[in-house]
Each structure stands twice: as structure tokens, then as C-alpha cells.
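Let us take a tour of this structure, from its inside to its surface. Keep the sequence at hand and find each residue as it comes up.

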Amino acid sequence: MSTLQPVRGTHDLMFDDIRRHRLVQSKFAAIAARYGYSEIATPIFEATEVFARTLGDTTDIVTKEMYTFDTKGGESVTLRPEGTAGVARAFISEGLSQQVPLKFFYSGPMFRHERPQKGRQRQFHQIGAELLGVPTPQGDVEVIALADHILKELGIAGKITLEMNSLGDLESRLAYRQVLIDYLAGYKDKLSADSRERLDKNPLRVLDSKDPADKEIVQSAPQFPDYLNQASQDFFKGVQDGLSALSIHFKLSPALVRGIDYYSHTAFEFTTDALGAQGTVLAGGRYDGLIKQMGGPQTAGIGWAAGVERLAMLLGDLPPQSRPVAVIPVGEAEDAVAQKLVHRLRYNGFAVDIGYSGNMGKRMKRANKVNAVVALIIGEDEMKNGSVTVRQLDSGEQSTVALAEVEARLDLYR
RNA sequence: GCGGGUGUAGCUCAGUUGGUUAGAGCACCUGGUUGUGGUCCAGGGGGCCGUGGGUUCGAGUCCCAUCACUCGCCCCA
């Protein structure tokens, strides 16, 4: 065991792990394209204020989870803890307000300084989608449909439930917030220590406390849906009707709230019970106030992000990898011809493996190990005839083929 | 930041109430096979027993600390 380890909460991605990540990313890119979303790659670090101002001063992400550094020039920069703020910043920086509606998708690493556990790392990866400039429920419906689609495409939708809630517009949210604070204040002594703190920082969070005593108190608390004003109710109904029309099933969760301040109206989470404590696989919501809050023009927005590690853990077996062709020179005399053949086949579209050393037995062993479908054997006899021996590695059948006709013979494996 | 569990070979793990040269399977290397892989047989290389300290005649084993991993809390994707 080596003492050189990756930094806590970071991991090397290789072999099947990275194939799972790539599978998630490539399927997502393909589906997102069908919905008209184009890719955006914002910087992995931003000026600290991009996150600090937008996520809210009291959220855990800002108060204790950001990787923040001072540059040599004395600026404070932060490794991005999530994707939306960067996209919103780009929207403002690039002056995109004249081009709405805009649809972006992204994928890449995010960084949060949390205690690692199952499905949670300090460097992790997200895929996400953002729809800017669509203030109506159609936007919510499309964005959720995209999320639902990618989960289905990955074959994991059966393990996942969509939960939804409305946080209402600002007016509704402030009204409910006050009613909730008043109610909870009456139970202050009975609330858990965590929840007493939440009461000050983010009272809505008390609603989904896991503490049993808290749960009891919350049970008879005023319900968020009762405090939505007419406009907010209509909006939420529009989203629900739109999803129902597409046969996208969802569950209403009045306790579902958001840790990040810029959300309004629709909040949703796709969750699973297959991942232990980290059940949220994909989550998002509407953030109509964000861009204005960052100094841009009033612009509606809705989006989501999903944890690639979490999605990858739910994936079933990977599709089989394509099998290479192995070229095997019997001795040194055949090496040059073999190398030329390898090069030629690669240019003609075949995946080709050749061992770097060893006798024929070793090279056959290697061909087997890389799961080659056929071995092309070149020895003294083949050199004389200008041919190669083609051995099917599964059946052991072999035949002789003219060197010039190898591609035609192998066409099946290209 | 707080709690629980686990650290022995590249990997998965065994290792008796503390007792001599620390084991297995898989993987790897060599040979059986100098033009034929997978299966089989024989052999081989690999260990600061996470790290530091302590108890003891003697520690992989007991105690303390520390680090790492892991599960959970908080929070979140």
C-alpha cells in the first residue's frame, strides 16, 4: 500500500468507472441536443463573489464548503461548487439577454469541501441543463421532461421518483415564511438544536428535518400550498398539467425546499432509495430572480443538475466493449511487416492491438487478454506467400488470407 | 464540524487465549509448449501487518494517539 494517496474526497477515474461517467455524459449530450440545448463550458473557477452573492450568505455551501483561494494578484477565486451561477454569470458577461430564450447544458467537475461519504465527494461531477428567458410553466415542463428523459435513457428511471413542490413567488414565500416562523417559535424549546439554528437561517429547512421530535412538530405546521397566492397556484397547476399531459409521474412533497436562496416557484428532486443517505440524484428548480440579483436584466430561469457519480452507481452492466484485432509476428523477421499491417488496419478503421515484446505464445496470451476477436499471425510461411493466418479466437478456426485482402475478410469487425 | 466501523501481498480476505520462518484465493512472472491463447500441471516473485508511541521475556494480535478509508449526522447532486 502506497502512502501517496489522492487528496481526500478526490478519486482517480479509470477503466469501468470512467466508462460509466462517459456513458452518462454522452447519452445526456445526445438527448439534450434533441431538446435544442447547446453545450456550455464555463470556467471551473470564478470570482468568489459569483457564488457568494448568489447562493446566499447563510447556506452551508457558502459558509463552509467552498474551495476559495487568493490569487497572486490578490483576487479571491473559488472552485465552482455548482453550475448555475457560472452560467448566469456567462449570460451577463456575454450580453446574451437579447438572445433569449437560451438553452444550455453542461457537464464537468464541481468542488465542495464536505466530509466524503457514499455518493458524495469533494471533487464530483455534474451534468446540468439551464433554460433562460422562459417565464411560463412550459419552460418548467420541458426542463423536467429532459431530466426524465435522460434517466429513462440510462435505464434507471424505475429506481427513481420525481418529487415536486412550489416555493411560490416572492410574495407567497415571504408570507409563508413568516407564518412558519411564528408557528415554530412556539415550539422553540422542543426543536432539535439543528432545527433551532435552521429557524434563524433558513426556516423552510425545518420542514424536512429527520429528527423525530421535529417531524412531529412539523406535521401540524402550516402547509406551504395553503399560502400560495393565486398567481403562484396557477403557475404550479400549469406545470403539473403539462407534466401529466406527457405522462410524467410525480409526487407532491410540501416539505421539499431548497438550500439555495435563488429558487422560486417550482422545486423538484428525482430521488432513489438505492444509494443510502444520498438519495437525491437530480434536483433543480426555477430561479427567476437570480440573474437580476447578479446585476443583469430581469430574466427568468429554470434548470437542474444531476450527480454523475450517483447516476453511475445506479447504472447496470456496461455495454460490451468492441473487440480489437490482434496482429502477431512469429519472430523478429516478421516484425516490420506486422507493424505496417497494424498501421494500415488502423487507418482503415480497425481497432488493432500488437504486443511490444515476447514470443508467439506470449503474444497470443496478450491477444486473449485484450479480448481480441481474431489474431492475424505472420510467420515465415506467410511472408513467403504474401499472406496472413487469420485465427478466430473464440472458435480456434483458422485460415489463410492474402495480405491485400485482410480488410475485406475482417470487414465484419471494423 | 460531530458520531460509529475498518486498516495484513496489486485485489478480496484468513490469521486461535499475545508465542518461533505471516497465510489463502485471484492477479503477476517462469517452465511444461523455440508457429498457437483461453483450460490444466509444476515452480517463482512479491508484506516497515496504515503510522508513531506504550505494555510485555515476546505484539499482526492488547492500550493510547494519529492518519486514511468507510457508513451515518449536518448539508447537498
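A nonpolar core is a set of buried Ala, Val, Leu, Ile, Met, Phe, Trp, Tyr and Cys residues joined through side-chain atoms within 4.5 Å. Buried, in turn, means under 20% relative accessible area. Keep in mind that this is a predicted model.

## The core

The largest nonpolar core has 44 residues. Which of its members touch the most others? They are F104, L132, L180 and L184. Several elements give two or more residues to this core: the helices α2 (48–55), α4 (84–93), α6, α8 and α10 (290–293), along with the strands β5 (102–111) and β6. The largest share comes from α4, with 5 residues. In soluble globular proteins, nonpolar side chains tend to be buried together.

## Aromatic pairs

Next come the rings. A pair of aromatic rings is described by the distance of the centres and the angle of the planes. The count comes to 6 aromatic pairs.

F28 lies in helix α1 (residues 16–34) and W304 in strand β11, so the pair ties together parts that are 276 residues apart in sequence. Both residues are buried. F28 and W304 also belong to one aromatic cluster with F105.

## Domains

Step back to the whole chain. Chain A is divided into two domains. Domain 1 covers 16–169 + 229–314, and domain 2 covers 325–413. Their C-alpha centres lie 50 Å apart.

## The RNA strand

Sugar and phosphate account for 53% of the atoms of RNA strand B that come within 4 Å of the protein.

What kinds of residue make up the surface near RNA strand B? By class, there are 22 charged, 16 polar and 13 nonpolar residues. The largest share, 7 residues, comes from α13.

- K362 has a side-chain N or O atom 2.7 Å from a phosphate oxygen of RNA strand B.
- Q398 places a polar side-chain atom 2.9 Å from a base oxygen of RNA strand B.
- D394 has a backbone N or O atom 3.1 Å from a base nitrogen of RNA strand B.

## Backbone details

Now for the backbone. Most residues other than glycine have a negative phi, and most peptide bonds are trans. Some places here depart from that.

The peptide bond from V100 to P101 is cis, with omega near 0°. P101 lies in the loop between α4 and β5.

F15 has a positive phi, near 50°. This residue lies in the segment before α1. F15 is exposed, with a relative accessible area of 67%.

H265 has a positive phi too, near 50°. H265 lies in strand β9 (residues 264–271). Is H265 buried or exposed? With a relative accessible area of 10%, H265 is buried.

P212 lies in helix α8. P212 is exposed, with a relative accessible area of 61%. The C-alpha atoms of P212 and S192 are separated by 9.2 Å. Along the chain, these two residues are 20 residues apart.

Technical notes: Residues numbered from 1 in each chain as written. Chains lettered and ligands numbered in written order. Predicted model: local features only at pLDDT ≥ 70, side-chain atom pairs only at ≥ 80, totals over all residues. Heavy atoms only, no water. Domains from an automatic or database assignment. Near = heavy atom within 4 Å. Polar contact = N/O pair within 3.5 Å; in protein donor to acceptor, adjacent residues only side chain to side chain. Helix = DSSP H or I, 4+ residues; strand = E, 2+ residues; numbered from the N terminus. Nonpolar A, V, L, I, M, F, W, Y, C, P; charged D, E, K, R; others polar. Phe/Tyr/Trp six-rings, centres within 6.5 Å; stacked < 30°, edge-to-face > 60°. Buried < 20%, exposed > 50% of the residue type's maximum accessible area, 1.4 Å probe, protein only.
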